[in-house]
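Reader: Hi! Could you walk me through this one while I have it open?
Author: Happy to, let's take a look together.
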Amino acid sequence: MRHVIYLLVVVNLVYFSWNMLQNVPHKGGSSHVARIPPNVRRLETIQESATKKASNIDEHASDISGGPPVVTIPPGNIEAQPETADISLVQTLTASEPPAAVTPSLSCHVLGPFPDDTEMKAVEARLNQLGYQPGVRTSAVEVENGYWVYLPAMEREEALRITRMMKQKNDLDYLILKGNAISLGVYDSPSRVDIRLKMLHKYGLEPVVEPRHTIRTAYWLDLDQPDGERGVLKTIRGEYPDVEARDAACE
């Protein structure tokens, strides 16, 4: 039993001495670090990897150009430089490839409205002789269709009094309408309206004149021509003075 105890003591002493020898500093003052086996790849930091890539790019550029190696500025020391336009390059390109000539634009004109297609076809044929092909279209327009002279709605007794007075003067051109308004005639021209108004004013009446309208089909000619060639409009106006011609936006 005593020999076993002596053996354990010796083993402990040997282990203690070996452990102390492992922590003895080297001459450089650093602790002993186990060597990395040659077949194990060492990890690189991000900064080391970026520096190595920049160095490889600079060496590659130097080999291609045959000139001195490119100086790489470390990240963080690069200052933004304002971009400047190469004026000489722009002038050279402009001289070699000048802008295309501006083509004349089109201006549009509208002739009409024609009340029927007879005059419209005559103007269309004349434009065809001048070398133009106008477009023909129609539209519904509201046109005046005479004038209505009347007295607005009033009380029944007043309407009867006025009609009795007109009957006594042998003026039978009246008609009592709904609401006791009195129609005093429909006329196709302003001159006839003036004659009627003078007569009614002698009676002491103040009638209202209201134009009458109707819907009719109107005819138009649409003409496209290059700017500056406005002689065709002058020709049409000279030969057909009643035809309206005006500029219009091209569709």
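Reader: Which residues have the most contacts inside the largest nonpolar core?
Author: Val 149, Met 166, Leu 184, Leu 200 and Leu 205 do, in a core of 15 residues. A nonpolar core here is a set of buried Ala, Val, Leu, Ile, Met, Phe, Trp, Tyr and Cys residues joined through side-chain atoms within 4.5 Å, and buried means under 20% relative accessible area with a 1.4 Å probe, protein chains only. This is a predicted model, where local features need pLDDT of at least 70, side-chain atom pairs count only at pLDDT 80 or more, and totals for chains, interfaces and linings use all residues. Residues are numbered from 1 along each chain as its sequence is written, and side-chain values use heavy atoms, with hydrogens and water left out.
Reader: Thanks! Which element gives the largest share of this core?
Author: H5, with four residues.
Reader: Switching topic: where is Asn 180?
Author: Asn 180 sits in the loop between strand S3 (175–176) and strand S4 (182–187); strands are DSSP runs of E, at least two residues, and helices are runs of H or I, at least four, numbered from the N terminus.
Reader: Is Asn 180 buried or exposed?
Author: Asn 180 counts as buried because its relative accessibility is 16%.
Reader: And what lies 3.2 Å from a polar atom of its side chain?
Author: The backbone oxygen of Met 154.
Reader: Nice. What about Tyr 6, buried or exposed?
Author: Tyr 6, in helix H1 (residues 2–22), is exposed, because its relative accessibility is 51% and the cut-off for exposed is over 50%.

Methods
A polar contact is a pair of N or O atoms within 3.5 Å; within protein, one must be able to donate a hydrogen and the other to accept it, and residues adjacent in sequence count only if both atoms are side-chain atoms.
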